[in-house]
Amino acid sequence: MEEGITLLEAIKQTFDCKEVDIRTYSPLTLAYIGDAIYDLIIRSIVVERANRSANQLHKVTIHYVNARTQAQMVMALEEFFSEEEMAVYHRGRNAKSYTSAKNASIAEYRKATGLEAVFGYLYLQGRMDRLLSLVKMALEKMDMKI
């Protein structure tokens with residue numbers, strides 16, 4: 001990977017992906033990629049903080065990567081969302097999903113889906129600085145230390 005190129009840019013170049021207007025993506029598509037990028041962020045932080053067994057890494061990670069925690073993150077972040085981010089959040093939260101979380105209410109699951117849609121939207125826009133800022137702000141406001 002060339003220096004100064006983002007992961008998303010490298011993927012697009014390597015696999016010859018065409019440019020797509022991300023406003024055309026469904027909110028569940030945004031949530032799908034947002035879930036993955038949020039998981040990667042949390043896993044990266046967990047791994048960087050301590051070299052542990054895979055089982056221990058997983059136990060720490062699942063505390064942060066679940067619908068209940070993500071719903072709480074929304075409550076901590078809502079007032080800081082831009083109008084654009086709030087619109088994406090509402091689209092994601094209101095999307096009709098045919099799955100649900102094992103250990104969360106439907107309301108928590110929908111809030112988490114909305115948050116993941118925002119994260120996916122920011123990632124696909126190449127706005128990792130804003131995405132990381134929101135994750136950090138939420139963790140700090142919730143007084144969660146990884």
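Among contacts in the protein chain between residues at least 6 apart in sequence, 72% link residues at least 24 apart. The model is predicted. It contains 7 helices and 0 strands, in the order α-α-α-α-α-α-α along the sequence.

**Overall form**

- The radius of gyration of the protein chain is 15 Å, which agrees with the value near 15 Å for a compact globule of 146 residues.
- Along the principal axes, the C-alpha atoms of the protein chain occupy a box of roughly 40 × 35 × 30 Å.
- Of the 146 residues, 40% count as buried.
- The protein chain has an accessible surface of about 9,100 Å², and carbon and sulfur atoms account for 53% of that surface.

**Nonpolar core**

- The largest nonpolar core has 37 residues, and those touching the most other members are Tyr38, Ile42, Phe81, Phe119, Leu131 and Val135.
- Two or more residues of this core come from each of α2, α3 (54-64), α4 (67-77), α5 (83-94), α6 (106-124) and α7 (128-141).
- Helix α6 gives the most to this core, with 8 residues.
- Apart from neighbours within four places in sequence, Val135 is in contact with Tyr38, Ile41, Ile42, Met73 and Phe119.

- Leu40 has a relative accessible area of 39%, so it counts as partly exposed.

**Salt bridges**

- Side chains of opposite charge can pair when their charged atoms come close.
- The structure holds 9 salt bridges.
- One of them joins the side chains of Asp21 and Arg23, with an N to O distance of 2.8 Å.
- Asp21 is partly exposed at 36% relative accessibility, while Arg23 is exposed with a relative accessible area of 61%.
- Lys136 and Glu140 form a salt bridge through their side chains, at 4.0 Å from N to O.
- Lys136 and Glu140 are about one helical turn apart because they are 4 residues apart in helix α7.
- Both Lys136 and Glu140 are exposed.
- The side chains of Lys145 and Asp143 also meet in a salt bridge, at 3.2 Å from N to O.
- Lys145 is exposed, with a relative accessible area of 67%, and Asp143 is exposed at 57% relative accessibility.

Methods: Residues numbered from 1 in each chain as written. Predicted model: local features only at pLDDT ≥ 70, side-chain atom pairs only at ≥ 80, totals over all residues. Heavy atoms only, no water. Buried < 20%, exposed > 50% of the residue type's maximum accessible area, 1.4 Å probe, protein only. Core = buried A, V, L, I, M, F, W, Y, C linked by side-chain atoms within 4.5 Å. Contact = heavy atoms within 4.5 Å. Rg over C-alpha atoms; globule rule 2.2 N^0.38 Å. Areas by Shrake-Rupley, 256 points an atom, 1.4 Å probe, with all protein chains shown as cover.
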